[in-house]
Amino acid sequence: MLGKEDNEILTRVGPGTPMGALMRRYWVPVVLSGELDAGGRTKRVQLLGENMVAFRTTQGGVGLLGEYCSHRRASLYFGRIEKDGLRCCYHGWKYALDGQCLEMPNESPETDFKHAVKHPAYPCEERGGIVWAYMGDPAHMSGLPNFEWVNVP
């Protein structure tokens, strides 16, 4: 029987945990592709202890962002999906699929603060009717494995 410490090591998968670091080295299935309509509703997901929202832009790109806005922690679940990202419903900050802040309507253009804000985001790929995400260190990211079953209709 495992002791409490060993059990904690093996079962905790949140950020900064040993098992979380291991699991983030693999592509993780997020949602079925059919669950995300272009410009439709966002979908709340929890993966490896993190609360996120999955969405499809009006141009068809798939995104996976941390659920709470970097500005005032409003839920991006209520955000507005646009052609190149997701806009927070609270103060209107817009995030690209890679988490880069694209627009800050409440900031003057001279501050150019939007370039300093990078929201938590994970790269996604679609294959076999499934949206996959890589949540680990980008330096270790390899392509999504070409499993035979994902190529079957």
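Guide: Buried means under 20% relative accessible area, exposed means over 50%, and partly exposed lies in between, with a 1.4 Å probe and protein chains only.

Visitor: What kind of model is this?

Guide: It is a predicted model, in which local features need pLDDT of at least 70 and side-chain atom pairs count only at pLDDT 80 or more, while totals for chains, interfaces and linings use all residues. Residues are numbered from 1 along each chain as its sequence is written, and side-chain values use heavy atoms, with hydrogens and water left out.

Visitor: How many helices and strands does the protein chain have?

Guide: The protein chain has two helices and 10 strands. Both terms refer to DSSP runs numbered from the N terminus: H or I of at least four residues for helices, E of at least two for strands. The order from the N terminus is α-α-β-β-β-β-β-β-β-β-β-β.

Visitor: And what does the C-alpha trace span along its principal axes?

Guide: The C-alpha trace spans about 60 × 40 × 25 Å. Of the 153 residues in the chain, 39% are buried.

Visitor: What is the accessible surface of the chain?

Guide: About 8,900 Å², with 54% of that belonging to carbon and sulfur atoms. Accessible areas come from the Shrake-Rupley method with a 1.4 Å probe, and for residues only the protein chains shown count as cover.

Visitor: Where is methionine 135 found?

Guide: Methionine 135 is in the segment after strand 10. This residue counts as buried because its relative accessibility is 4%. Beyond four places in sequence, methionine 135 touches Arg24, Leu47, Leu48, Glu50, Met52 and Tyr122. Methionine 135 and tryptophan 27 are 108 residues apart in sequence, with 7.4 Å from C-alpha to C-alpha.

Visitor: Leucine 48 is on that list of touched residues. Where is leucine 48 found?

Guide: Leucine 48 sits in the loop between strand 2 and strand 3. Its relative accessibility is 14%, so it counts as buried. Leucine 48 also has a positive phi of about 50°, although it is not a glycine.

Visitor: Is aspartate 112 buried, exposed or partly exposed?

Guide: Aspartate 112 is partly exposed, with a relative accessible area of 41%. It is found in the loop between strand 8 (101-103) and strand 9 (124-127).

Visitor: Where does valine 117 lie?

Guide: Valine 117 lies in the loop between strand 8 and strand 9. With a relative accessible area of 9%, valine 117 is buried. Among the residues it touches beyond four places in sequence are Trp93, Tyr95 and Met104.

Visitor: New topic. What polar contact does the side chain of serine 75 make?

Guide: One with the side chain of arginine 44, at 3.5 Å. A polar contact is a pair of N or O atoms within 3.5 Å; within protein, one must be able to donate a hydrogen and the other to accept it, and residues adjacent in sequence count only if both atoms are side-chain atoms.

Visitor: Is serine 75 buried or exposed?

Guide: Serine 75 is buried, with a relative accessible area of 11%. Its place is in the loop between strand 4 and strand 5 (80-81). Not counting residues up to four places away in sequence, serine 75 touches Arg44, Glu67, Tyr68 and Cys89.

Technical notes: Contact means heavy atoms within 4.5 Å.
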